[in-house]
Amino acid sequence: MKLYSHAAITAVLSAAVLVATPNVLQAQEQHADDHQAMHDAKLPKHAVAVLASTSDSDVKGVLMLDQMEGFVRVHGKVIGLTPGEHGFHIHEFGDLTKADGTSAGGHYAPAGHDHGAPGKQSHAGDLGNITANDDGVATVDIKAEDLKLHLVLGRSIVVHGGKDDLKSQPSGAAGPRVGVGVIGVANTEAK
Ligand code: CU
Ligand code: ZN
């Protein structure tokens with residue numbers, strides 16, 4: 001067995017480091033570029049929520065969410081409602097395991113404001129009310145200024161049986177949940 005001197009081993013290791021370092025740096029730069037490109041290109045800009053009725057309702061609906069410059073447009077139609085106003089929110093979880101919709105949790109509120117009217121000083125998920133006509137149909141077209149689409153993917157849209165009074169805590173006293181749907185990435189080629 002041949003013994004190498006400490007100096008010889010150090011020299012060999014240094015040479016190896018000199019050879020390896022540029023490749024490592026290049027690989028790191030490449031990774032950072034790839035990551036940025038992926039980030040820019042792949043953030044979903046269009047989502048959809050298909051509302052299903054909870055246990056005691058016949059509410060159904062389809063809502064589209066589009067990331068625009070500085071706001072999210074929420075638009076579509078909800079049917080099977082009682083005529084009048086209905087609380088309309090984004091809730092924290094996309095968990096519809098409970099038939100009454102309560103597994104969707106409370107209003108999506110990452111900044112911790114109180115419940116209120118739509119805007120920057122209330123829950124981000126506070127979208128106010130939608131209004132159903134005498135046929136129980138609500139046509140929705142809302143500008144949600146306080147939302148980023150990619151942060152609500154996998155959460156849910158909830159329609160309530162009653163009107164959101166825009167002030168009662170923690171959720172506007174809007175009554176039971178009558179329609180719930182998970183916000184998912186839209187297949188924009190399926191049109
Ligand atoms: Cu709600
Ligand atoms: Zn709220």
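Me: Before we start, what counts as a salt bridge here?
Reply: A salt bridge is a side-chain nitrogen of Lys or Arg within 4 Å of a carboxyl oxygen of Asp or Glu. Please note that the model is predicted.

Me: How many salt bridges does the structure hold?
Reply: The structure holds two. In one of them, K163 and E85 meet through their side chains, at 3.3 Å from N to O.

Me: And where do K163 and E85 sit in the chain?
Reply: K163 is in the loop between strand 7 (156–160) and strand 8 (177–185), whereas E85 belongs to strand 4; the pair links distant parts of the chain, 78 residues apart. K163 is partly exposed, with a relative accessible area of 47%, and E85 is also partly exposed, at 37%.

Me: What does R73 pair with?
Reply: R73 forms a salt bridge with D141, and their closest N and O atoms are 3.0 Å apart. Because R73 lies in strand 3 (residues 72–79) and D141 in strand 6 (residues 138–144), the pair ties together parts that are 68 residues apart in sequence.

Me: Turning to the metal, which residues are the protein donors of the zinc ion (ligand 2)?
Reply: They are H107 (ND1), H115 (ND1), H123 (ND1) and D126 (OD), at 1.9 to 2.1 Å from the ion. Their spacing in sequence is H-x7-H-x7-H-x2-D. H107, in the loop between strand 4 (84–91) and strand 5 (126–132), and D126, in strand 5, are 19 residues apart.

Me: Are H107 and D126 buried or exposed?
Reply: Both H107 and D126 are buried.

Me: What is the geometry of the zinc site?
Reply: The site is tetrahedral, with angles of 100 to 123° among the four donor atoms.

How values were computed. Residues are numbered from 1 along each chain as its sequence is written. Chains are lettered from A and ligands numbered from 1 in the order in which they are written. This is a predicted model: local features need pLDDT of at least 70, side-chain atom pairs count only at pLDDT 80 or more; totals for chains, interfaces and linings use all residues. Side-chain values use heavy atoms; hydrogens and water are left out. Donors are N, O and S atoms within 2.8 Å of the metal (3.2 Å for Na, K and Ca); water is not among the atoms, so sites may look incomplete. Four donors count as tetrahedral if all angles lie between 85 and 135 degrees; four count as square planar and six as octahedral if opposite donors are over 155 degrees apart and all others between 65 and 115; anything else is irregular. Helices (H or I, at least four residues) and strands (E, at least two) are DSSP runs, numbered from the N terminus. Buried means under 20% relative accessible area, exposed over 50%, partly exposed in between (1.4 Å probe, protein chains only).
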